[in-house]
Amino acid sequence: MKKVLSNPEFWRGAASIAVFLILWEIGARSKQWMAPEFFAPFKELLGAMGFKKDYLPWVGAVPAPSAVLQSWIGVLGDAGYWQSWYMSFFRVMGGFVTAMIIGIPFGLMLAVSRVSHGIAFPVFEVLRPIPPLAWVPASIIFWPTQESAIIFITFLGAFYTIVINVLGGARSIDVRYFQAAQSMGSSRWDMFRRIVLPGTLPSIVVGSAVGMGITWEVVVAAEMISGGGSQIGGTSGGGLGFFIWNSYIGGSYEQIVVGMISIGIAGYASSEMLRWLGRYATPWLKPR
Amino acid sequence: MNRGHIVIDDVVKVYDPQGAAVLAVDHCSLEIEPGEICMIVGPSGCGKTTLLNAIAGFHEITSGRIVMDGEVLCSTEKPKSAPGPDRIVVFQNGALFPWKSNLENVIFGPVVQGKLARKDAIDKARAMLADAGLAGVERNYPGEVSSGMRRRVEIVRALMNDPKALLLDEPYRALDSLTKSVMHEALLEIYYKNKVTIFFITHDLEEAIFLGHRVAIMTTRPCKPKKILNVDIAHPRDYGVLTSKRFRELIEETNDAVHEEALKAFQAGEKEG
Amino acid sequence: MEAALRAGEANGAIAALRDATPFRDAAEALLQRIAAIARPARFGAGTRIYGANDAADDIFVLVSGRVEHVFKPEVGAREAHKRMTRGGVFGWAGLLLGQTQRLASVTATEPTEVLRLDTEELVKLLESEPLEGPLVMERFATMIQREFTLPALLAQVRRLSGPLTEEMSSISLTMYRLSLWLKSPRPYLMVIGFALFLGFWYLAVEVWKLPRFREMPGVTSVVKEWLAPEPTYGLSIYTAEYYQHIWMSVWRVTQAFFLATLLGVPVGLLLGWSRKFKQYLFPVFETLRPIPILAWVPLAIVMFIATESAVVYLAFLASFFATALNTMLGVESIDESYIRAADCLGANQWQVFRHVIIPGALPFIFTGLQISIGVSWFSLVAAEMVSGQYGLGYVINTSYMMVRYPTIIIGMATLGIVGYATSAMVRIAGDYLMEWRVRELALTER
């Protein structure tokens, strides 16, 4: 701990975060300190430029960090808030795990078999540019429950990333490992188990960490869209995305930011957890 | 020939003084005559690259002095010298810029220093490349030619700046022995035309004796000259020297010393330097 | 009679050329041209054809007989002595970089017939054949290295030059690659893949009417709608509205992408280059980055008066993070030796930045840009679905609400196509800027 505190690098980072928060606070409260007559000409200028006259552009409409903090403390006691966490996590895990279960074998198959690569990869590449969220209506039509529809979207988001990473990882395994194994008499299955699998593991880890980030993006969006953003789907949304959208509709802007930060924390925590698991699974990799 | 007189005076280098305190160079003193080819031989990881980096200005020294042509490069008071075109390094894995053509690489030095106009630099570069037998590859990118050619282009790039000394950090380590022997002759040819001081690090004793005027055999870490050999075979030399009697004698004289250090390094489990 | 004789000679010459390694697979037309410049010659047993250090003017193709080929020792060939019969090619020293003299001496050990080809004439001929010329040269190079065991250092054949070859080289390379691709099983597997996919879709929805699939729009209805001059639901390739929506989305992504690149690349470069800057800025950057872009939607609507700006802002944000991060990684991944070399050569900080850092980071930057454009589309679509007017995301959303199911698929497919096209444009721009890397990768392709 002492080492952290005595490190100038830590203080520099802390300083900029502090500066950021201060600027945010000042900007957010611009409506208040710009009230006096003194600022009238400046306000006219803002109006002429097309912005709202009463406060600074962009940041002026945002709730201040102090207000957000207050709101957050208030919300911590609210069961609904924690339930949103749970729901989002549930969806993320569902979609992500499904993506891993289907994506890793699929990617490995494409990497190992030229024929299946030739057949499946072009179709995969054609479908990939379609953003997962564009699938929402199709997904809702197809899947019986809203929950499964959302998980499907989440699955798509992570699936592409994982497959691409597995492919890339398998391709980059040094060909000499194969040659060495062959000269020692390995069968194809053996080579797959002992070289391809462990060799691809680092890429799988990276792929999952990135995929996890994408999964959170998709979950939030799917929750907002199906829970409230448009009239798609029913009213029982739940989840942090829905929490944010609801706060917006309800006019409580501080809560919007609370929701945003919460998701940020949740996403970061899940990625870190994955990375930790990954280090545990690939002990032979030296830290860079 | 009075340029490129390098004096390494009682240099000490300690890495990470507050932490592991690794002594890399231990009171090393060595004097390199102007225009001399001085070969530094030692096992991997012994600290010879540290010496080169100190002369070049990439690393600091902990104490001692390095002086070139009367000018203090670095000392205890000023531990780090600034890298410059008076002593140019040729790197182990090659450092030709892959995104510039060979010609663009070669003219880089004089042009960025403002010493030559671009057109003049191109003319001079063409001439020097032709001189070194590299006439056809000007417009290629380094990634398109063989590694032997890349090395030679890199040396020409250095020589364009008329340096006092060339610092070569195991430049031929990654080449096969057939290519290597041709490179040695190419280097000597270049040397005979431009008498720069050459400070050449290698782990290959034969390479050292073939090329050098003097060979300094270094101890394993911490680095310090163990034995200095005067190679009294006349220049200009050609590959015939390799089978001459005197050459074999010199190897006999020094082989034990080199092997001893290599064994020590192996036992100490040195990672590749 | 003379014409027939000459024709016969020419055929004989072509046959002899075909037996020689460099010309084995060449096209008939090319061989005819080469045969036209070939001069036959005869040597008696024991005659010396040429000696080492003679001028390297002609290349010889052995038609019949036997010669002995002895390299001079300086050359360093693994096999100094070589016996050659029909199909052997010697006297090619003139094709090597920097060589004007013979590397070997050659003597006929039996009565021998050869075809002599003037080196410069042959090179000119090959230069005028943009597709085949370089291939023949490559075969010469392979032959010299393998059959004559010359060290790689010496066996560098000259590059064919000339405006025609240079200009055509990338086109001809692409054409050559295309022809190789067509000959491989890949295009047919691809067709099978698509057929399976579309076939399954068709069967599942329209023929077998599987439980969940029945409700979905079928392939035929989508295709019919898409290509209909008077579409039932108002959107097809014939309607202006379709292109309006495409244009809106593309325009938004373009704005977002350019803003993000303009801001992201310099920020990334600074983050990678200056340690202090990174220490100050990176923590703030990393705190904001994990917040999913779409979580910003309500706040963006609040912040920006016009929905248009809000939508572009969201796409911009996603792009910005991806670009800045990848640029930073690119700078950090540059091998230190390059920077040190530039320092040695007398470059100041700014010159190092311009000549080493930026070109060195470019590959990573372009990877980042490709990711960034993908991410940009991703955010844009979501934003459009929530709060847009016009745009492909909006189309998908409203089509669902108005129960126009085939149009949903049209929207999705269009998104896919446009997304892929923009990504490809970025990649092509990258290939153009980084020619050196394309060539390097081509040489190391397995």
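This is a predicted model: local features need pLDDT of at least 70, side-chain atom pairs count only at pLDDT 80 or more; totals for chains, interfaces and linings use all residues.
Of the 288 residues in chain A, 40% are buried. Chain A is built from 13 helices and 0 strands, so its elements, read from the N terminus, are α from beginning to end. Among its contacts between residues at least 6 apart in sequence, 70% join residues at least 24 apart.

How confident is the predictor about chain A? The mean pLDDT is 80, and 90% of the residues reach 70 or more. One stretch to treat with care is residues 228-236, where the pLDDT is below 50; beyond near neighbours in sequence, this stretch still has 24 contacts in the model.

Now turn to the place where chain A meets chain C. Chain A puts 49 residues into this contact, and chain C puts in 49 residues. On the side of chain A, the elements that give two or more residues are helix H2 (8-28), helix H7 (114-127), helix H8 (136-142), helix H11 (188-229), helix H12 (239-249) and helix H13 (253-281). Which of them gives the most? H13(A) does, with 9 residues. The residues on this side of chain A divide into 36 nonpolar, 9 polar and 4 charged.

The largest nonpolar core holds 220 residues, and the members that touch the most others are Phe199(B), Trp296(C) and Leu314(C). Helix H13 of chain C, residues 349-387, is the element that gives the most to this core, with 19 residues. A second core of 42 residues is separate, and its members include Leu30(C), Val61(C), Leu117(C) and Met137(C).

Chain C has a domain assignment with two entries, domain 1 (2-152) and domain 2 (222-443). The centres of these domains, taken over C-alpha atoms, are separated by 55 Å.

Look next at an open sheet in chain C. Its 4 strands lie in the order S1-S8-S3-S6, with antiparallel pairing. Which strands form the edges? They are strand S1 (39-43) and strand S6 (89-90), each of which pairs on one side only. Strand S3, residues 58-64, runs antiparallel to S6(C) and is joined to it by 2 bridges. Across this pairing, Phe60(C) stands opposite Phe90(C) in S6(C).

Further along chain C comes helix H8, residues 240-273, and Gly268(C) lies in it. Is Gly268(C) buried or exposed? Gly268(C) counts as buried because 27 other C-beta atoms lie within 10 Å, and 20 or more are needed for that label. Apart from residues up to four places away in sequence, Gly268(C) touches Thr323(C), Ala324(C), Leu325(C), Asn326(C), Thr327(C) and Met328(C). With Thr327(C), 59 residues away along the chain, the separation between C-alpha atoms is 4.8 Å.

We finish in chain B, at helix H2, residues 102-113. The buried residues of this helix are Asn102(B), Asn105(B), Val106(B), Ile107(B), Phe108(B), Gly109(B), Pro110(B) and Val111(B). What do they pack against? The buried residues of H2(B) pack against helix H3 (118-131) and helix H4 (147-159) of chain B. After H2(B) comes Gly114(B), with a positive phi near 75 degrees.

Key:
Residues are numbered from 1 along each chain as its sequence is written. Chains are lettered from A and ligands numbered from 1 in the order in which they are written. pLDDT is the predictor's confidence in each residue, from 0 to 100. Two residues are in contact if their C-beta atoms, placed from the backbone, lie within 7 Å. Ala, Val, Leu, Ile, Met, Phe, Trp, Tyr, Cys and Pro count as nonpolar, Asp, Glu, Lys and Arg as charged, and the others, Gly among them, as polar. A nonpolar core is a set of buried Ala, Val, Leu, Ile, Met, Phe, Trp, Tyr and Cys residues joined through C-beta atoms within 7 Å. A residue is buried if 20 or more other C-beta atoms lie within 10 Å of its own, exposed if 12 or fewer, and partly exposed in between; C-beta atoms are placed from the backbone. Domain bounds come from an automatic or database domain assignment. Two strands pair if DSSP finds at least two bridges between them.
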